[in-house]
Amino acid sequence: MLTEPAVDKLPSLGADLRALRKSRRMTLAALSSRVGRSVGWMSQVERDISQPSIDELRQIADALSASVSIFFGQSESVPEESGYVVRRQNRRRLGRPDAGLVEELLSPDLTDDFEVVHSIFEAGASMDHPILRPTTEVGYIISGRLDIEIGGSRRFTLQSGDSFRFRREAYRWSNPYPEPATAVWIVAPPVY
């Protein structure tokens with residue numbers, strides 16, 4: 001007789017925290033120390049036994065060099081879709097829109113080896129300084145134009161239909177054009 005496979009626990013705050021911590025190659029003890037809490041408490045948060053306060057989430061986000069917004073904004077999905085489908089209205093907002101970049105997580109959670117992000121680069125916006133992350137990143141421009149600088153010496157103007165990749169290199173983007181640019185950005189391992 002065939003039986004239904006056991007349903008795994010749905011992704012959660014704890015699963016996202018654990019994925020972020022592991023993507024940064026940080027031990028539970030190191031994160032606990034940075035947050036000023038016990039390893040036992042941090043373990044309970046990762047297993048969804050304890051719920052951190054907003055201030056504790058801010059401390060955890062700071063310790064992981066992540067935006068606290070990654071832990072919020074995900075709407076409930078129907079049980080059959082959870083972990084598989086992200087409806088447009090259920091996307092989790094990332095980062096700070098006031099920086100000229102609006103990002104939404106397209107991946108159901110942060111528990112994979114990569115994350116997929118929908119990014120809108122506002123007209124006239126740019127990164128102040130290049131950043132270097134221990135990641136491989138691939139992007140696809142859906143609409144508009146975007147300038148990207150990779151490794152300090154390579155500069156490209158990308159437009160609709162173009163794609164790019166860089167690995168563990170400093171990068172910087174700017175949109176000096178009169179219209180927003182929209183892209184899908186894939187990052188491995190997850191950074192948010």
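Arg37 and Glu56 form a salt bridge, with their closest N and O atoms 2.3 Å apart. Arg37 sits in the loop between α2 (28-35) and α3, whereas Glu56 belongs to helix α4, so the pair ties together parts that are 19 residues apart in sequence. In general, side chains of opposite charge can pair when their charged atoms come close. The structure described here is a predicted model, and its salt bridges come to a count of 10.

The loop between α3 (39-46) and α4 (54-63) is where Asp48 is placed. The backbone there deserves a look: Asp48 has a phi near 60°, a positive value in a residue other than glycine.

Turning to the strands, an open sheet is built from 6 of them, in the order β1-β2-β3-β9-β4-β7 and with antiparallel pairing. Its edges are held by β1 (92-94) and β7; each has a single partner strand, so one side of each is left without a neighbour in the sheet. On average, neighbouring strands of this sheet are turned by 25° against each other, direction ignored. Within the sheet, strand β3 (residues 115-121) and β9 run antiparallel and are joined by 7 bridges.

The peptide bond leading from Ala188 to Pro189 is cis, and its omega is near -10°.

A further open sheet has 3 strands, arranged in the order β6-β5-β8 with antiparallel pairing. Here β6 (154-159) and β8 (171-174) stand at the edges; because each has a single partner strand, one side of each is left without a neighbour in the sheet. Neighbouring strands of this sheet are turned by 20° against each other on average, again with direction ignored. The antiparallel strands β5 (residues 145-150) and β6 are joined by 6 bridges. A handy point of reference is Ile148, which has Phe156 as its bridge partner in β6.

Finally, the surface carries a patch of positive charge, where Arg25, Arg165, Arg167 and Arg168 gather.

Definitions and conventions:
Residues are numbered from 1 along each chain as its sequence is written. This is a predicted model: local features need pLDDT of at least 70, side-chain atom pairs count only at pLDDT 80 or more; totals for chains, interfaces and linings use all residues. Side-chain values use heavy atoms; hydrogens and water are left out. Patches are made of residues with over 30% relative accessible area and no salt bridge: like charges are joined within 9 Å, nonpolar side chains (Val, Leu, Ile, Met, Phe, Trp, Tyr) within 5 Å. Accessible areas come from the Shrake-Rupley method with a 1.4 Å probe; for residues, only the protein chains shown count as cover. A salt bridge is a side-chain nitrogen of Lys or Arg within 4 Å of a carboxyl oxygen of Asp or Glu. Lys and Arg count as positive and Asp and Glu as negative; His and the chain ends are not counted. The place of a charge is taken as NZ of Lys, CZ of Arg, CG of Asp or CD of Glu. Two strands pair if DSSP finds at least two bridges between them. Helices (H or I, at least four residues) and strands (E, at least two) are DSSP runs, numbered from the N terminus. Axes are lines fitted to C-alpha atoms, for helices over the stretch in contact, and angles run from 0 to 180 degrees between N-to-C directions.
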